[in-house]
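Subject: Structure handover

Hello,

Please find the structure below. My notes on what was found in it follow.

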Amino acid sequence: MRAGPEVIQGALDMIQPHHEPWDYPTNIGFPTPPFNPYQLKPVMANRCVNLERNELSEWVEQIAKQLIEDLPDQTESSIDILHSDTTSQDKFVPSILGDFRPRKAARRNYDDTIGSEVQWTNEPNQVSDHHARNINRGLSRLDEHGLSLITLLLECAVAISVDNLGEAHRMLLELTQIASPYGVSCAERVVAYFARAMSSRVINSWLGISSPLVNYKSIHSAFQAFNNVSPFIKFAHFTSNQAILEAFHRRDRVHIVDLDIMHGLQWPALFHILATRMEGPPHLRLTGMGTSMEILVETGKQLSSFTKRLGISFEFHPILRKFGEIDVSTVQVRRGETLAVHWLQHSSYDATGPDWKTMRLLEELSPRIITLVEQDISHVGSFLDRFVGSLHYYSTIFDSLGANLPIDDHNRHSVEHCLLYREINNILAIGGPARSGEDKFRRWKSELARRNFLQVPMSANSMAQAQLILNMFPPAHGYSLVQGEGTLKIGWMETSLYTASAWTSTASR
């Protein structure tokens, strides 16, 4: 069995941000499915087959490839990133790269370019040769001002990559004067935030510093806003909950470790269905890792109050440290418990510490299930590697927000300014092995497969949960969902943005 739309909507209502004590109803959730987590039923759904490819990220991909082709051989991996990290994920349609060398638009004042938009028709039977060439060249719908801004941004990135910081600084001064984070076009907003991050990179290089202050409360608030306006976070929560639910089938003592719990928005929906199991609710322990003891304590109080009303025996264990900085005894796994580890990855701050220590602790814990949601972007490689990959990735997210929200929407600005900009800044101004001193894994999914972990294919019920979430957004919004190779992927248009997978330790009992 699986949940119907009204059940999912009820569960989604539960995980909206609340500033008052949670007062969730107890008649929501999704029914317990037959326990069969290891059987993959190939299902694929792509809701964007007949939609246009997103215009900003497509053009970024093409012009970035062309610009870096003239650089030395050490930057060849930047070209590969355009394919391996975002656009060629499983069933997502690969990028269309033409042989067009983009004309570098003359730099001009903003007032001179308003309304100078490339026009083209959406009618399938009215596509002229000139129109087809424009599609292949990735110039759809981008006005000359946006093209000029992105071209200048790419030239600046090349200057930074070869340590020409003086020239980069000159171009960044120009960009900050003509690009605004409140701009009408997504291109202008993307450039404004990338220029700010790259300015931090140049200043850090001059001063030799690279550790910014982090306002966790503003990031968590923006994370909640992101959950409200797009399906990406809901996708991560519900697909992971389904995999954990299946792993907990007929287990009477269960323990969840959340590597970055924030406000715990994910867990009420899962707790409710555990409370309504035919075999009765289990004894439930939740270990929450976090960055603020105040937030951890408040989250624990809210979850404890909720589980009390459900009649679940519940314990909450807050840990104010990063997962990679603790030892196995800190988690306090008890004999007879079924252990689940959940990790929704993001780039807003380092939630777990060194990757190799995180992996070592996972191996020592030997959980029955690990639910992993990864961003389809790489944090490793040279500056230009990270720039090319992140520009394409975040252009797509900005495109998705701009397609569905007004330019003056408060939630949209909160997500862009407090969440996405923070991630862009961390990847460009802070990230990289040379700056952090730690080697980062390019793909955790690949690393788990190399260690003592076996992939647990995401079930048809997980796919159904994700599809019901996407059904709440009109098809014209362009979100896409794909199941393949045991994972679930969500994206916008033809670009994969998040991948959910599940794993089990070979040593788990």
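**Aromatic pairs**

Phe314 is buried, with a relative accessible area of 16%; buried means under 20% relative accessible area, exposed over 50%, and partly exposed in between (1.4 Å probe, protein chains only). Before going further, note that this is a predicted model, in which local features need pLDDT of at least 70 and side-chain atom pairs count only at pLDDT 80 or more, while totals for chains, interfaces and linings use all residues. Residues are numbered from 1 along each chain as its sequence is written, and side-chain values use heavy atoms, with hydrogens and water left out.

Rings of Phe, Tyr and Trp (its six-membered ring) pair if their centres lie within 6.5 Å; planes under 30 degrees apart count as stacked, over 60 as edge-to-face and the rest as tilted. The count by this rule is 12 aromatic pairs. One of them joins Tyr193 and Phe398, with ring centres 6.0 Å apart and planes at 50 degrees, so this pair is tilted. Tyr193 belongs to helix α7 (residues 186-207) and Phe398 to helix α14 (residues 383-404), so the pair ties together parts that are 205 residues apart in sequence. Helices (H or I, at least four residues) and strands (E, at least two) are DSSP runs, numbered from the N terminus. Tyr193 is buried, at 0% relative accessible area, and Phe398 is buried at 0%.

Phe271 and Phe314 form a tilted pair, 5.6 Å centre to centre with 55 degrees between the planes. This pair links distant parts of the chain, since Phe271 is in helix α10 (residues 267-275) and Phe314 in strand β3 (residues 314-319), 43 residues apart. Phe271 has 0% relative accessibility and counts as buried. Elsewhere, ring pairs join Phe226, Phe232, Phe473, Tyr479 and Tyr498 into a cluster.

**Salt bridges**

A salt bridge is a side-chain nitrogen of Lys or Arg within 4 Å of a carboxyl oxygen of Asp or Glu. By this rule there are 12 salt bridges.

Arg285 and Glu337 meet in one, at 2.9 Å from N to O. Arg285 lies in strand β2 (residues 283-289) and Glu337 in the loop between α12 (328-331) and β4 (338-344), so the pair ties together parts that are 52 residues apart in sequence. Arg285 is buried at 3%, and Glu337 is buried at 11%. A network of salt bridges links Arg285, Glu315, Arg334 and Glu337.

In helix α17 (residues 444-450), Arg450 and Glu447 are 3 residues apart, about one turn of the helix. Their salt bridge has its closest N and O atoms 2.7 Å apart. Arg450 is exposed, with a relative accessible area of 60%, whereas Glu447 is buried at 14%.

Glu167 and Arg170 also form a salt bridge, with the closest N and O atoms 2.6 Å apart. Both are in helix α6, 3 residues apart, and so separated by about one helical turn. Glu167 is partly exposed at 30%, as is Arg170 at 36%. The buried residues of α6 include Leu165, Ala168 and Met171.

**Other points**

What is the number of disulfides in the structure? The structure holds 0 disulfides, a disulfide being a pair of cysteine sulfur atoms within 2.5 Å. Cys156 is buried at 0% relative accessibility, while Cys418 is partly exposed at 24%.

Thr487 is in strand β8 (residues 487-492) and is buried, with a relative accessible area of 2%.

Regards
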